[in-house]
Amino acid sequence: MSNEINRVPHAAGNGLLDRRLFLRSAIAGASTLALTAPSIAQWVGEGQPASMLTPGSGMEAYGLPAKSELERVKRWTIPPGSGGRPMSWGGLTPHHLLHGTITPNGLHFELNHQGIPDIDPQQHSVVIHGMVRQAAKYTVEQLENYPTVTRQHFLECAGNSSVLAADKPADPVMTLTRTHGLLSASEWTGVPLATLLDECGVEKGARWLVVEGGDSGSTTRSIPLSKAMDDSMIAIFQNGERLRPGNGYPMRLFNPGYEGNTSIKWVRSIYVSDKPVHSRFETSKYTDLMKDDVSLQFTLEMGCKSVITRPSNTSKLSRHGVYEITGLAWSGAGKVRKVEVSADGGKTWAEAELQVPVQSKMLTRFRIPWQWRGQPAVLQSRVYDEKNSCQPTRKELLAAIGGYRHYHYNAIHSWSVDKSGEISHVFA
Ligand SMILES: Nc1nc2c(c(=O)[nH]1)N[C@H]1C(S)=C(S)[C@@H](COP(=O)(O)O)O[C@H]1N2
Ligand SMILES: [Mo]
């Protein structure tokens, strides 16, 4: 392997190696034990563990992760003191413990403005009314008779990473979960909203949908009709099973690439209109304050963004050698085109390998090998999407808007590594 490394060109400064290295080899320095004949005999012969000598347990009616995993991979709630009442928040996805691109249903982030309503699927339906030829009401059972679509998409709260906009960190330790936990991705199955709107017959002059949820949080949002006709769906299934209660059971609106708040959970009313309603969530909240006290309204599409999920500040580099730097990249505008990684705080960049297939408005995993010999480093990633938008630095983002940005914070994120392998979040 060390010969192998010597043949691999360094792709950028401070130890970044060619992204194709892993296609050919294992990770250098990873501790694999050389087995001796007696130890093999011990393992396969006499040393059989108890699990091989007695029958195992029965299975659960509904499968759960291993007990030790449930404890390890638990979803974190937003810490007290961060402004949220327990009921008005939900859980954060621990991306530093996950691999691939799909978030398991039990770890999907949740943002509930007024708790999770207890909804009887037999009693629930969504009504489409307003500027339509024929208003209609659909139960889950009825929706299942329509042709469905299945697509993989990320869901990100517009407030994800807002803690990074403030100069003073809200917590002493800014973990990945704290800074990027309001992001998840699933395979969503549902009925295209266009199918239902076509059935109801949208009248001329209609431009907006006013969508209301069935909880007590008054989450009402105006959605452009053009978006609804493009790729919005009434989602019923998430990763193959019915939605979880906290994610909108029995049905939710899902707007791919849009800020999470617009994907109204427990959806019960879709009012077709010629104008937006200017609800609480599109006036006092979910607007972007710009220079000169101007606020942008209806900035619905999420920008392009990426973050390194491993290594992160929940672990320490324990050996010198080659590490895989991996993370997630996404864009509300479409597909990820390219991800670059830096190990020297943005001075030099190397292109990372993208996990295929790269899907539109979906998390894309990237990977690149990095050789660490004990040198201090600042690890960063930046994404370019298919529309050629590039992730800004924090300085660029804050300068462009003239100060603090609570929503749509998508700046480059930095992990600093010190000589001892200790990792911490830094503003670089
Ligand atoms: N009815 C209703 N819909 C809602 C919310 C809510 O509180 N009530 N929260 C919104 C917010 S702010 C976000 S970010 C997403 C979160 O979806 P999730 O909880 O399934 O991750 O749902 C949105 N839809
Ligand atoms: Mo949100």
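Strands here are DSSP runs of E with at least two residues, numbered from the N terminus. With that in hand, welcome to these close-ups of a predicted model.

**View 1. A cis peptide bond sits between Val356 and Pro357.** Omega for this bond is about 0°. Pro357 belongs to the loop that links strand E21, residues 353-354, with strand E22, residues 364-372.

**View 2. Tyr249 and Pro250 are also joined by a cis peptide bond.** Here omega is near 10°. If you are tracing the chain, look for Pro250 in the loop between strand E12 (241-242) and strand E13 (252-254).

**View 3. Ser218 has a positive phi although it is not a glycine.** The phi value is near 50°. You will find Ser218 in the loop that runs between strand E9 (208-213) and strand E10 (220-224).

**View 4. Ligand 1 is surrounded by 21 residues.** Phe109, Asp215, Asn247, Arg252 and Lys265 are the closest of them. Sorted by class, this shell consists of seven nonpolar, 10 polar and four charged residues. The space that ligand 1 takes up is the largest cavity.

**View 5. Ligand 1 makes polar contacts with both side-chain and backbone atoms.** A polar side-chain atom of Arg252 comes to 2.7 Å from an oxygen atom of ligand 1. His113 uses its backbone instead, with an N or O atom 2.8 Å from a ligand 1 oxygen. Ser263 also takes part through a polar backbone atom, which lies 3.1 Å from a nitrogen atom of ligand 1. On its own, ligand 1 would expose 530 Å², and the protein buries 100% of that area.

**View 6. An open sheet is built from five antiparallel strands.** Reading across the sheet, the order is E20-E19-E23-E24-E25. Strand E20 (350-351) and strand E25 (423-426) are the edge strands; each has a single partner, so one side of each is left without a neighbour in the sheet. As a reminder, strands of a sheet pair through backbone hydrogen bonds, in either a parallel or an antiparallel way.

**View 7. Strands E23 and E24 run antiparallel and are joined by four bridges.** Strand E23 covers residues 377-385, and strand E24 covers residues 414-417. Which residue of E24 stands opposite Ala377? The residue to look for is Val417.

Technical notes
Residues numbered from 1 in each chain as written. Chains lettered and ligands numbered in written order. Predicted model: local features only at pLDDT ≥ 70, side-chain atom pairs only at ≥ 80, totals over all residues. Heavy atoms only, no water. Pairing = 2+ DSSP bridges. Near = heavy atom within 4 Å. Polar contact = N/O pair within 3.5 Å; in protein donor to acceptor, adjacent residues only side chain to side chain. Areas by Shrake-Rupley, 256 points an atom, 1.4 Å probe, with all protein chains shown as cover. 1 Å grid on protein atoms, 1.4 Å probe; cavity = no way out; pocket = protein on both sides within 12 Å on 5 of 7 lines; lining within 4 Å. Sits in = over half its atoms within 2 Å of the grid points. Nonpolar A, V, L, I, M, F, W, Y, C, P; charged D, E, K, R; others polar.
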